[in-house]
Amino acid sequence: MEATETADIEQFVHKALGDVGSALTASLVVVGDKLGLYKALAAGGPATPGELAARTGTTERYVREWLNAQAAAGYVTYDATSKTYALPPAQAACLTDDASPACVLGAFQAMTAAMRAEPRIADGFRTGKGVGWHEHDPDLFVGVERFFRPGYNAHLVDEWIPALDGVQEKLERGARVADVGCGHGASTIIMAKAYPKSKFWGFDYHKPSIDAATKRAQAAGLGDRVTFEVASAKEYPGKFDFVAHFDCLHDMGDPVGTAKHVRQSLAKDGTWMIVEPFAQDRLADNLNPVGRVYYSFSTLLCTPCSRSQEVGLCLGAQAGEKRIREVVTAAGFTRFRRATETPFNIVYEARP
């Protein structure tokens with residue numbers, strides 16, 4: 001074996017071990033979140049393992065090993081003189097505050113939940129069968145909502161809706177709005193709070209998610225203006241001024257059929273907003289850290305989900321503007337444009 005080949009192998013082994021460490025760290029982040037370890041460290045300041053265990057009602061020996069792993073990963077810092085561990089402000093913003101736009105806790109929760117379906121996903125590679133959204137670990141539904149909610153809080157009302165032609169004015173005057181594939185209802189509730197003269201309907205085929213969304217709307221005092229119903233993307237009832245799909249069109253088995261139903265459900269001057277994961281049209285342009293996350297989630301979640309439904313088109317989470325445009329125009333929409341974008345999402349506007 002030549003020296004250059006040996007060096008390449010060694011380099012890749014180091015990369016692979018780094019990925020193993022990242023995967024293991026993900027599980028430990030979920031542990032730290034569930035047990036309140038990050039919040040206790042942020043609130044109480046630097047601590048020894050024993051002190052942090054006392055704050056959280058956990059066992060010192062487990063906490064010590066967890067802290068060492070977190071320090072090696074760069075999630076906490078270690079002071080060798082005082083033998084204490086601390087959570088820096090930047091990490092605290094990402095690991096303790098669900099309302100922060102920088103919160104990453106949902107991504108870790110969703111990722112570890114998705115990985116539990118690995119045996120069924122591997123079977124799908126062999127058989128071509130899909131794995132429905134409802135077949136995943138319940139932690140996935142909570143994690144996905146936590147993953148997307150910070151971005152919706154940061155951008156939906158202040159940036160995305162204002163970027164659409166005339167939609168903000170309609171919502172301010174009072175409009176009928178459908179949030180299709182609403183999950184736990186985060187996007188629906190954000191919009192309902194911002195536009196008190198409008199009425200909102202959230203639709204999802206997954207009953208446990210609809211039940212959770214209904215409870216959240218009632219807790220927010222929005223039960224008179226927000227309704228959540230179990231319905232598929234091709235069969236939800238009603239006529240609407242504004243329809244939205246948040247990070248879910250690519251999960252549909254029949255996105256063209258879904259788009260046709262949106263067109264039928266829209267008022268003559270209505271608008272369809274499609275929020276999709278950020279992606280370029282060329283594969284080579286998506287081979288980056290963001291693309292790595294989305295392609296991986298797409299392999300475990302989005303593609304199997306679409307495959308489990310009728311048609312099974314499998315757009316994938318990195319469909320890109322060209323493919324979304326093809327779906328929208330195939331359904332009869334005559335106007336389509338990229339309205340705005342963030343580093344993680346692209347917002348499209350479609351009109352009849």
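1. In this predicted model, the order β5-β4-β3-β6-β7-β9-β8 describes an open sheet of 7 strands with mixed pairing, where strands (E, at least two residues) and helices (H or I, at least four) are DSSP runs numbered from the N terminus and two strands pair if DSSP finds at least two bridges between them. Because β5 (226-230) and β8 (335-341) stand at the edges with a single partner strand each, one side of each is left without a neighbour in the sheet. From one strand to the next the twist averages 20°, with axes fitted to C-alpha atoms, for helices over the stretch in contact, and angles taken from 0 to 180 degrees between N-to-C directions.

2. Strands β7 (residues 266-277) and β9 (residues 345-351) run antiparallel and are joined by 6 bridges, and V275 has V347 in β9 as its bridge partner.

3. The largest pocket has a volume of about 1200 Å³; a pocket is an open set of points on a 1 Å grid over the protein atoms alone, where a 1.4 Å probe fits, with protein on both sides within 12 Å along at least five of seven lines, and lining residues have an atom within 4 Å of a point, while the volume is the space filled by probe spheres set on the points, which are joined across faces, edges and corners. Of its 36 lining residues, A107, F147, P289, V293 and F297 are the closest to the centre, and α13 gives the largest share, 9 residues.

4. Residues are numbered from 1 along each chain as its sequence is written. Local features need pLDDT of at least 70 and side-chain atom pairs pLDDT 80 or more, whereas totals for chains, interfaces and linings use all residues, and side-chain values use heavy atoms, leaving out hydrogens and water.
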